[in-house]
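Take a look at the model below.

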Amino acid sequence: MSGNVYTILDTRDGEFPQVNLEALAVGRLIAEKSGKDLISLFFSDNPSAHLDKFAGRGVKKVHLFASPELGKFNLEHLGKLTINKIGQENDSIVVLPANIHGKELGGYLAAGLGAGYVTDCTGISEEGGKIVYKRPAYSGKVIQKLAASAGAALVVGFRPNSFPVPEADATGAPETVAETVSTEPAKAVIVEVKKPEGAALDVTEAKIIISGGRGLQEGANFSLLEELVALIGQGATVGASRMAVDAGWRDHQAQVGQTGKVVSPELYVACGISGAIQHLVGMSSSKCIVAINKDPEANIFKVADFGIVGDIFQVVPAICEEMKRVKV
Ligand SMILES: Cc1cc2nc3c(=O)[nH]c(=O)nc-3n(C[C@H](O)[C@H](O)[C@H](O)COP(=O)(O)OP(=O)(O)OC[C@H]3O[C@@H](n4cnc5c(N)ncnc54)[C@H](O)[C@@H]3O)c2cc1C
């Protein structure tokens, strides 16, 4: 049976996250290039509350999986329900974000569906009649180009913030299908999610990241960056180098880099971060990089679009003052 393009979507704390809209945009792009239909599998404790989000995004059909257990991410439930739904199809393309849960689910689905797996996809094009998926490899030193073999199923994990999300168009609302959900008790469940203090928005989903490193000298000085983030408002969050995390100044959730998270925000501001290769791996695909460092030879300036050679304790408050002035 020939397959479709499927986006796997869920809700978090009852919210429909922005990354879902990006998944729909990526799914639509692949559907248009492949001539397949775009279908969504939507898992939630209350999926009906979010149906308006699907209108005007090129989705043909939304399968609604509703159950209280689906209000929290559970690998087995989402994995098994997805495989049961689409496992008989030959060449389906499954799209999901390459964030923490998405990477875990992507591997489960690729194994269960016998599909290829493209992780961390940052670009999609057509070459020689094939859809080509681009992803950074070897710490971002090369860009790999991958294509599915003819007739093969594929799981595509896209790096959040790598694809534009167009405004909804006039294509209207998709058909909805309520699915019967029967879930066996999972072998492991998430009992509680503790949000890190001081970072409401996850770095992988932020449009603007103000990141701090050893140059901040102590954890309390991150309040400088928090003030700037508060002035910027929605879509901004605080990130950190591993050094700042290892020192206990920030939670590991905020760490950017090889052993932290890979981010692609519109704007990344590195404050007192030297630019070690393990840090650059996590942020060099940001659209615009600003570095503030008192050492003009710091490696971070090699990847920065704009560099400020100066003391963060003078530069960051000056930026905050200017922002307050222009906001009035
Ligand atoms: C296997 C492995 C994995 C790793 N994974 C990661 C990772 O995921 N993420 C990560 O970040 N690192 C990672 N590291 C660590 C990495 O190698 C660096 O040690 C780390 O990134 C350095 O953090 P930093 O830039 O904050 O500190 P430093 O390298 O000490 O740099 C501090 C910078 O602040 C500047 N500075 C100091 N005072 C001021 C001031 N007042 N105003 C302006 N600038 C100032 C200095 O000039 C300097 O450039 C990893 C290392 C290994 C071996």
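## Helix 4 against helix 7

Helix 4 passes helix 7 in a left-handed crossing. This is a predicted model. The axes of helix 4 (residues 222-232) and helix 7 (residues 312-327) come within 10 Å. They cross at roughly 25°. Angles under 35 degrees count as roughly parallel, so helix 4 and helix 7 are roughly parallel to each other.

Who makes the contact? On the helix 4 side, the residues are Leu224, Leu225, Glu227, Leu228 and Leu231. Helix 7 supplies Val316, Pro317, Ile319, Cys320, Met323 and Lys324. By class, nine of the contact residues are nonpolar, none is polar and two are charged.

## Helix 2 against helix 3

Two packed helices are described by the angle between their axes and the distance between the axes. For helix 2 (residues 75-86) and helix 3 (residues 100-113), the angle is roughly 35°. The axes of this pair come within 10 Å. The crossing of helix 2 and helix 3 is right-handed.

Which residues meet here? Helix 2 brings Leu75, Leu78, Gly79, Thr82 and Ile83. Helix 3 brings Glu104, Leu105, Tyr108, Leu109, Gly112 and Leu113. The contact of helix 2 with helix 3 has seven nonpolar residues, three polar and one charged.

Three of them form an open sheet in the order 6-7-8. The pairing is antiparallel. Strand 6 (123-127) and strand 8 (142-146) are the edge strands, and each pairs on one side only. From one strand to the next, the twist averages 35°.

How many bridges join strand 6 and strand 7? Strand 6 pairs with strand 7 (residues 130-137) over five bridges, in the antiparallel sense. Within this pairing, glutamate 126 stands opposite isoleucine 131 of strand 7.

## Parallel pairings

Other strands run parallel. Strand 2 and strand 3 (residues 61-66) pair in the parallel sense over six bridges. Here isoleucine 39 stands opposite lysine 61 in strand 3.

Strand 3 is also joined to strand 10 (residues 175-179), by five bridges. These two strands run parallel. Find histidine 63, and then look for its bridge partner in strand 10, which is valine 177.

## Alanine 236

Alanine 236 is found in strand 12 (residues 236-240). Is alanine 236 buried or exposed? A residue is buried if 20 or more other C-beta atoms lie within 10 Å of its own. Alanine 236 has 22 C-beta neighbours inside 10 Å, so it counts as buried.

Leave out residues up to four places away in sequence, and alanine 236 touches Ala206, Ile208, Ile210 and Val229. Isoleucine 319 belongs to the helix 7 side of the contact with helix 4. Alanine 236 and isoleucine 319 are 83 residues apart in sequence. In space, they are 15 Å apart, C-alpha to C-alpha.

## Glycine 35

Where does glycine 35 lie? Glycine 35 is in the loop between helix 1 (18-34) and strand 2 (38-44).

How far is glycine 35 from glutamine 255? In sequence, they are 220 residues apart. In space, the C-alpha to C-alpha distance is 40 Å.

Notes: Residues numbered from 1 in each chain as written. Predicted model: local features only at pLDDT ≥ 70, side-chain atom pairs only at ≥ 80, totals over all residues. Helix = DSSP H or I, 4+ residues; strand = E, 2+ residues; numbered from the N terminus. Pairing = 2+ DSSP bridges. Axes fitted to C-alpha atoms, helices over the stretch in contact; angles between N-to-C directions. Parallel < 35°, antiparallel > 145°, perpendicular 65-115°, else oblique. Left-handed = near helix turned anticlockwise from the far one by under 90°. Contact = placed C-beta atoms within 7 Å. Nonpolar A, V, L, I, M, F, W, Y, C, P; charged D, E, K, R; others polar. Buried ≥ 20, exposed ≤ 12 C-beta atoms within 10 Å, placed from the backbone.
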